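The sequence and model come next.

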Amino acid sequence: MLTDLTLLAGVLGDKTAKALDKQFGIKTVAELLLHFPRRYSKRGELTDFSSLPIGEVVTVVGQVQSTNQRSMKGRKGSIFEVVLGDGNGQLTLAFFNQAWRQAELHAGVQGLFSGKIGAFSGRLQLTHPDYELFDAEIIDQQAKAWAELPIPIYPATGTLSSWRIQKAVEKVLDARHQAQEVIPAELLEKQKLMPLLTAIEMIHRPKKDSDWEQATNSLKFHEAMLLQLGLLERRKKAELEEAAVYKSGALLSRFDEGLPFDLTPGQIDAGTQIAADLARGHPMNRMLQGEVGSGKTVVALRAVLAVAESGGQSALLAPTEVLASQHFRSIVQALGPAVTKELGVRLLTGQQPLAMRKKTLLDMASGNCRLVIGTHALLSENVSFFDLGLVIIDEQHRFGVGQREALKSKAKNSPHSLVMTATPIPRTLAVTVFGDLDVSSLRELPKGRQPIVTHIVDISRKDLVARVWERVSEEVSAGRQAFVVCPKIDPQQTEDTGAMVPESEDLESEPGLEPASVTSVFASLENNKMLAGIRIGLLHGRMSSKEKDEVMDQFESGQLQVLVATTVIEVGVNVPNASTMVVLDADHFGLSQLHQLRGRVGRGEHAGLCLLVSGVDRETLAFQRLDALSRISDGFELSEIDLDVRGEGDVLGDTQSGGRSSLQLLRVVRDAKLIQEVRPLAVEVEKAGMSEQLTLVLEIQDAGQLARG
Ligand code: ADP
Ligand code: MG
């Protein structure tokens, strides 16, 4: 929507331009102007340190209370510590071998400080923060007005601070630029909105709070309008496309007769909707969302049978090898040997032996295989289909838009597509992010499912931790199985969950803070007396696919009773006899990830138990996540909490938003009302034929002048 114009380098200099690109993917003037402040501070108001999120980059307003320069214990070098105070609590700054900072950082000075928040010996700390001090004279002279002026705080990183971004933005704002208004003048007036340029100016350089408040509202409205216009356009396009017509027949009715259970009402409704889509002559574009364990696979399989009835092919794409092979096994079982053979059901993964893969590829190309289940291997160039009619994406939030399209592009005509997710997505969000998907929801679980009880276990309580293993052994004695999930594979592996790792070797790290790893936990459980005689397995992403398959087979068949695993089991894995999920260092996982993990148990007739072992402080966001999980079982409710804590892009997976999100201010859930209200207005704008020129254009009029200025 934005025109690529001036390279920022000409305006800001190479260094800043490069940093903006590297840290935020900002390449153009327009993109920089649309990098909005996250919030506003005031010089007169010190930041409340008590709620700073550990592990995140923050910008705070603080005042130096005291400083301390000393040499380090037992080794060379010195440490300069600065204690910042706010109205509420303290924050320590640590500088190693930088004694010269004593000259500028002394008691009484105030400023902005920025860095990644760590916690050491129970104190919040910024190591080698970046800072900008306020000018003491100005504080005295113009105290009041100055203290009231809102300071924009931008999303920043450790290397690109908020105030550097602010300066870059100001430079660009000072240049002359123009914007093409998206919204007709009468509508602006009627809705009491600022024109686009004014709003952009005011969101970056407000003189008072009401400036940025009004600017934010105006820009949100603009975003909602662009969003709706975009959707209208996509819908129009989709209506013009044609697709094969599939009608279900004997294959499906025989399958239904043989089902060992009754379909839930949700499964029946979804089936009816899908059948109608497949028979319509236009590509189906449907999302099937349902709680973990709600039975999405059988719905998908019924669609496959309808397509296979007239010889059409289906492809089921799964995010992991473990899940793909489990789908393959359970689908083969559900279909029975005769139908499996008739349809030529195949598995395709990158780790299979070449000869096997070649055979599958041939069967796909010749049309002998009417259902292939696979991983990313399905997307590779040498994969082709004879007549691909239906594309199914399982756990779609694990895939990016590009990957979904890559699979679809293997069809000669537009294929039907069904995407499935257990990360429930509020409807408004689904519609915005996935364009014009129709949505089917499985709101209820199959009958007879047992509720899952979730507890947080404080890792420092030895008795409680011992009780965890005792519970595991009780479940196993009762004939059931348990998962034990850890964040890491081995102790050396650095974690990729974005959790905080101490950055400086100079800081005393407490033993036992290392996040649990499957290899060490596996070893210690094998020696745990409480689990004596219990057969324990190990599963992680670095094992070969053969090993993984064997372990999963053994766990599914009950040969293994406890499975120590990384999140390779996070999605989709279905072992109804598993009743207990122990998550070690649970605070290292995100909310939806934990919800997924918990969904691995309570799938059979046994009550589920989920134990979240963690040493995280009660005051942290991470604890709040665990707490929410222990109280709430409804994935829908959790997803909205998750949205509040993080941005949409995060919840949907980064790949989803394709890097930079086009939504800056609008929060699809929180602003659902606005988005809906704008819809009819967008229809009007579109009818008036305005939408053609309605792209948001921010333009530098005279790049030469700007570079000089
Ligand atoms: P998910 O929606 O998480 O992908 P699955 O499709 O893996 O769930 O289904 C979970 C389990 O529930 C499977 O063992 C499946 O056979 C079973 N199942 C599916 N539908 C029903 C139903 N209507 N009644 C009983 N069990 C069902
Ligand atoms: Mg599933």
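A polar contact is a pair of N or O atoms within 3.5 Å; within protein, one must be able to donate a hydrogen and the other to accept it, and residues adjacent in sequence count only if both atoms are side-chain atoms. The model is predicted: local features need pLDDT of at least 70, side-chain atom pairs count only at pLDDT 80 or more, and totals for chains, interfaces and linings use all residues. Residues are numbered from 1 along each chain as its sequence is written, chains are lettered from A and ligands numbered from 1 in the order in which they are written, and side-chain values use heavy atoms, without hydrogens and water.

**Polar contacts of ligand 1**
- The side chain of Lys 296 places an N or O atom 2.7 Å from an oxygen atom of ligand 1.
- Nitrogen atoms of ligand 1 also take part: one is 2.8 Å from a polar backbone atom of Asp 262, and one is 2.9 Å from a polar side-chain atom of Gln 267.

**Cysteines**
- Zero disulfides (pairs of cysteine sulfur atoms within 2.5 Å) are found in a search of the whole structure.
- Cys 486 has a relative accessible area of 0% and Cys 610 one of 1%, so both count as buried (under 20% relative accessible area, 1.4 Å probe, protein chains only).

Notes
Buried < 20%, exposed > 50% of the residue type's maximum accessible area, 1.4 Å probe, protein only.
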